[in-house]
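User: Please walk me through this structure. I want to know what each label rests on.

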Amino acid sequence: MTERYERLCAAVSKALETPERGTALQRCMQRGRDSRGRAIAALPGGEAFRAEVKAIKDRCIDRQDELVAKFTASARARGAHVHSAENGAAAIEYVLDLARKRGAATIAKSKSLTTEEIEINDPLIEAGLRVIETDLGELIIQLVHERPYHLVFPAVHKLTAEVAEIFAKSLDKEVSPDIPSIMKVVRAYLRPIFLDADIGMTGANIGVAENGSIVIETNEGNGRLVSTIGNCHVCVMGIEKIVDTIDEALTLVLAHPVSSSGQLPTTYVTWMAGRAPLGEGDAARETHIILLDNGRKAMRQDPGLKEALNCIRCGACMNICTTYGVVGGHTFGHIYPGPIGIPWTAAVHGLDKAAEFTPLCISCGLCREICPAEIDLPMLIAEVKHRVAKEDGYRRADRTMMDAERFAQVGSTLAPVANRVLKNPTARRIMSRALGIDANRVLPAFSRKTFTQLFPGHTSTVADPVRKVALFIDVYANFNRPDIGMAAVACLEAAGCEVLLPEQRASGYPYIGYGDLDRAREAAAFNVARLAPLAEEGCDIVAIEPTAAYCLCHAYPALLGGSRKSRSVAERSFEIFRYLLDHEPEGQADNLSGRRYGFHVSCHQRPMGSGREAMEWLQRRGAHVELIETGTCCGMGGTFGLKAGPLGQGLSKAAGEGLCKKIRESGVEAMVSESSVCALQLREGTGLPVFHPLELLRHAKGEKKQGGHA
Amino acid sequence: MNDTVIASFTKRYESLGGQVRVAVSTESAALAAVEIVRERGGTRVAVAGLDEPLAEAFERALAGAGVEVLREPFTGVKLPHGIDECQAGITGAVFGIAQSGTLAEVATNDAVRLVSGLPRTHIGVVKASEIVERFEDAAPRLRAIFSEHSGACTVSFISGPSRTGDIELILTMGVHGPEAAYVIVLDDAEGRDSQ
């Protein structure tokens, strides 16, 4: 385990030494997100298609056995040969046998991740066949013997000049370092290969049971040529790609390119059923569809990984993953890269291979928010982390972070001493070695009195409460900043609420982040057991920390199998500013005017209004607030960035640099964020004060201003 | 009705880097094709998947302009090489989709696919009355095509010229397929000559 971790640390350190490579990749990722955003804005119904995709995939995976049989029968009825392969070796053997029987010499391939998954090229080449990738990106990486860096853009890490050099060297030709010159050379090189290939090999984006067709989506047009010209066509398709109807397929045909490249749809969509003749030729033209299992049937029976089968291979999750943007798809991946690469690698290439890069996930959860099939990726990844930890145990630093609540209890009890320790470099060096907490991170001071201790002494100012609110306080406002908790109480009371503080534990999100799902479920069950009776009596639940609200609304139901109680809690849980906007009286005093604030959205706010409510709440009070964002995580990833070493603060800071630079260049005087941990990252990365919105109000009233740590 | 759907199809198709010409008769459609082939410097053109009166009109007009025309069933043409040697390919689309700027081409012989896939210029021909508005409207059309042809059958959706973003996600046209893509919309509305 340590060896594996050291290997990963070394790879991360290497990436940190060449930040320009990461910056180029991040530019491409941004381009991908921007085109997706534009396409979705133009789509009737906007993001509504995601729920539809999820419903289609859920339904078709549940009916998989039936649909595989139906697809097989209808494809055969149209003249296709359909063969089931239990694993990669069986699929490769089938193709080798076919090539031998047909006396084939050349195989022209169009892009197929499934053939990458089973690494089909090498054994075919060893058997004496000439195998040529014809998708531009795949061809580039084939020429340099690399693996895909990205699901959709396999050569996204190669800059134009490098690509020109690769073709110059491989084809022994002069190639100018500009894209049109490269295109000319590629077209000339591949044309005879298209025309003379004996076998054309493709993947398929979809199999349609209704009419036995395979659907191939391409932009370059190579998929069309490869599936048309050679007399023998082979398609390797994972069984999870089969849907029932043409209507379902049409939805996916849009969802896929919208999410990956912002197109509606790809330039070419080929619905191919059976094998048509070519001209008046009488050659025996065949199509062979290989339906690949390779672990998929087992995945379907595995509740922890099943949802990964809903992946439609759009690559959007890697366009938004902040650590992927720093280290790239060779470090963050085996053959399947990026966030979805973690569960897929675990399922088809083994837990060991997945464990090589799983710690790169910092559980920001943005992949869940961008996924067109609404796959709960953070939860699938937590499952993989959990399985790895069951074999290998947890790293010291991960254990520390999972025990944050306990440390905070101790820190708060010993507050004056603990706070001196936090500021003492020697003590911090010892903490770094013993606990894995980075020695240079400025940690928040502890409060001698916790919110839980202070709250009972508070007298409600509401004579006639119109509603009841249970406050979910979480770690930071309880142990570090009870003043923010009290400000929340004041605001809720001003909105006519009676505030209760039921018995509760911290949200437990770190257990999900570091993969202890047993303890995550315990925390969820504990809080749900205490909050559900209140929710069922009509009491609302309000959280200050975005991650805590995310747990109540999304993570707990997922952890508890969607139990009735967890759903009751989720339905009545709110992030505080949404709640205040709905219930506070009109006409707030205009007392925050005159300063320019930047607003940072924490990742866990993305499914809950993306911070718009907090911004509106501030604007109602006259504040000038502008959103500053890159669309990805600030790199803190909860407490990930507090850990010592490259797989902690090193990677975290590199991931956040793009955002911090944008903030520094914006000219704002201060930042506002609802997340306590994002605030730490932004303070260090920008040198600006960072406030919680509730703090600003106290500031306006002339009370002590914080924005940093006392 | 036709005007609105033609306008939205045109807007979308041209935003994808293609060009649309509207013709009100078979003859003017054929002339539009001749004009495009001339502009693109074509001397040999392959034609496939067009209805008989259209195919004949196109052949007549192109031959009249000195362009060599290869036609189905491509007797005596070496495939696929013969089609690859054409500078332009003209195919008929069974229907179009305005929302996505898409032509749907049906092939029960793969030569049709080569005509729209190999040459550097592709000209698709679609009747305005066959353009559906929304992407999902394609479902019943596809279902009908696949029931009509119960054996081997391929439907190709084509939305503009061949493109790639594989180098730095920068959009580039014409990598393997046509770099120039045209659509001739035959406006066959009532009262207009569609014969």
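Analyst: Start with a definition: the radius of gyration is taken over C-alpha atoms, and the globule rule is 2.2 Å times the number of residues to the power 0.38. This is a predicted model; local features need pLDDT of at least 70, side-chain atom pairs count only at pLDDT 80 or more, and totals for chains, interfaces and linings use all residues. Residues are numbered from 1 along each chain as its sequence is written, with chains lettered from A and ligands numbered from 1 in the order in which they are written.

User: What does the radius of gyration of chain A say against the rule for a compact globule?

Analyst: The two agree. For 710 residues the rule gives a radius near 27 Å, and chain A has 28 Å, so the value fits a compact globule. The C-alpha trace of chain A spans about 90 × 50 × 50 Å along its principal axes.

User: What makes a residue count as buried, and how many in chain A do?

Analyst: Buried takes 20 or more other C-beta atoms within 10 Å of the residue's own; 12 or fewer is exposed, and in between is partly exposed, with C-beta atoms placed from the backbone. In chain A, 57% of the 710 residues count as buried.

User: Which residue ranges are called domains in chain A?

Analyst: Domain 1 is 55–294 and domain 2 is 451–700. The bounds come from an automatic or database domain assignment. Their C-alpha centres lie 47 Å apart.

User: How many residues of each chain are in contact across the interface?

Analyst: Contact means C-beta atoms, placed from the backbone, within 7 Å. By that test, 52 residues of chain A touch 48 residues of chain B. H10(A) gives the most to the chain A side, with seven residues. Helices (H or I, at least four residues) and strands (E, at least two) are DSSP runs, numbered from the N terminus.

User: What makes E9(A) and E9(B) a strand pair?

Analyst: Pairing needs at least two bridges found by DSSP. Six bridges join E9(A) to E9(B), residues 153–158 of chain B, so they pair under that definition, and they run antiparallel. Thr270(A) has Ser156(B) as its bridge partner. On the chain A side, five bridges join E6(A), residues 213–218, to E9(A), also antiparallel. There, Val215(A) stands opposite Trp271(A).

User: Why are E8(A) and E8(B) edge strands?

Analyst: The open sheet runs E8(A)-E5(A)-E6(A)-E9(A)-E9(B)-E6(B)-E5(B)-E8(B), with mixed pairing. E8(A) (242–243) and E8(B) (131–132) each have a single partner strand, so one side of each is left without a neighbour in the sheet.

Note on methods
Contact = placed C-beta atoms within 7 Å.
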